[in-house]
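Try each task yourself, then follow the solution step by step.

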Amino acid sequence: MGSLLFFFASWWGFILQVVAIVHFIRRRPDTYWLFVILFVGWIGALVYIVVEVIPDAGLLRSSFQAFPRRRRIHELERAILDNPSAGNYEELGLLYLDDGNFSRARACYDKAISSRIDSIDPFYRRGIAEVELGDFAAAVPDLERAVTADANYDFHRAVGLLAHAYAQTGQPEKADSLFRQATKISTSSETYYNYPLFLHAHGRNEESRQWAQRILDKRPSMPAYQRRRERSWFRKAYALLAMLRLQTK
């Protein structure tokens, strides 16, 4: 009986460690957790699951939202056949953006803009799609329209994206000016990352290092849920800093 219980305990302990390691690889929390999982055994894995995996469950809501979002996409795709209104195309474009289908989002905003041009939002959202698709030349006029109408549009994200688009289209003076403006009014990790990329591309490596470090400096004061959301930016900042260190050796 004792050996049977030991077998089941060992089996479940192994499963806990596997779950913990898979989560660690996918989410990349602090490195010390890997040592806790591997060397403290199932107890360490259980602690990791309680501290890191369970709180991360809140981030899965977006995954569950994918099903109703895609159902709504199918509904709108059918509705547009009978009612190709600007409003339907805008809503469908936004859903495609959320779903990561940037080419279809762009096509929807093309249709929405052709029939109604009194709102800056479809231009801005099309600009986001164009940035994601790497078509920065097309994104510039769309983002310029949004920033000209409202410099604080989308909580200052518009001006940060426009600065990035300028940087990618060979307009360094405009990019530098807008990045400076954006970083004065926003603490967005997206802007804080794009700016050091621009600085590095122009040989301003020390400034690039300082701005990349600012992304990591925000981490201690962030609530836990926000740190989890920002992990991808932390990884990018670490990678950029590592590259800059190698280039200075």
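A residue is called buried when its relative accessible area is under 20%, exposed when it is over 50%, and partly exposed in between (1.4 Å probe, protein chains only). Helices (H or I, at least four residues) and strands (E, at least two) are DSSP runs, numbered from the N terminus. This is a predicted model, in which local features need pLDDT of at least 70 and side-chain atom pairs count only at pLDDT 80 or more, while totals for chains, interfaces and linings use all residues. Residues are numbered from 1 along each chain as its sequence is written, and side-chain values use heavy atoms, with hydrogens and water left out.

**Exercise 1. Find the buried residues of H10 and what they pack against.**

Step 1: locate helix H10 at residues 172-185.
Step 2: pick out its buried residues, which are Ala175, Asp176, Leu178, Phe179, Ala182 and Thr183.
Step 3: look across from them, and you meet H9, H11 and helix H12 (205-217). Contact here means heavy atoms within 4.5 Å.

**Exercise 2. Is Gly87 buried, exposed or partly exposed?**

Step 1: Gly87 belongs to helix H5 (residues 86-99).
Step 2: its relative accessibility is 36%, so Gly87 counts as partly exposed.
Step 3: compare the list of buried residues in H5, among them Ala86, Asn88 and Tyr89.
Step 4: now find Ala112, which is 25 residues from Gly87 in sequence, with 7.1 Å between their C-alpha atoms.

**Exercise 3. Describe the surroundings of Ser189.**

Step 1: Ser189 sits in helix H11 (residues 189-201).
Step 2: its relative accessible area is 3%, so Ser189 is buried.
Step 3: setting aside residues up to four places away in sequence, Ser189 touches Ile215, Lys218, Glu230 and Trp233.
Step 4: the side chains of Ser189 and Lys218 make a polar contact of 2.7 Å. Such a contact is a pair of N or O atoms within 3.5 Å; within protein, one must be able to donate a hydrogen and the other to accept it, and residues adjacent in sequence count only if both atoms are side-chain atoms.

**Exercise 4. Which residues of the largest nonpolar core touch the most other members?**

Step 1: a nonpolar core is a set of buried Ala, Val, Leu, Ile, Met, Phe, Trp, Tyr and Cys residues joined through side-chain atoms within 4.5 Å.
Step 2: among the 50 residues of this core, the answer is Leu92, Tyr124, Leu143, Leu162 and Ile215.
Step 3: H9 gives the most to this core, with 7 residues.

**Exercise 5. Judge the confidence of the model.**

Step 1: pLDDT is the predictor's confidence in each residue, from 0 to 100.
Step 2: the protein has a mean pLDDT of 84, and 76% of its residues reach 70 or more.
Step 3: among its elements, helix H9 (residues 157-168) has the highest mean pLDDT (98) and helix H1 (residues 2-27) the lowest (60).
Step 4: where pLDDT is low, the predicted coordinates should not be read in detail.

Definitions and conventions. The expected span of a helix is 1.5 Å times one less than its number of residues.
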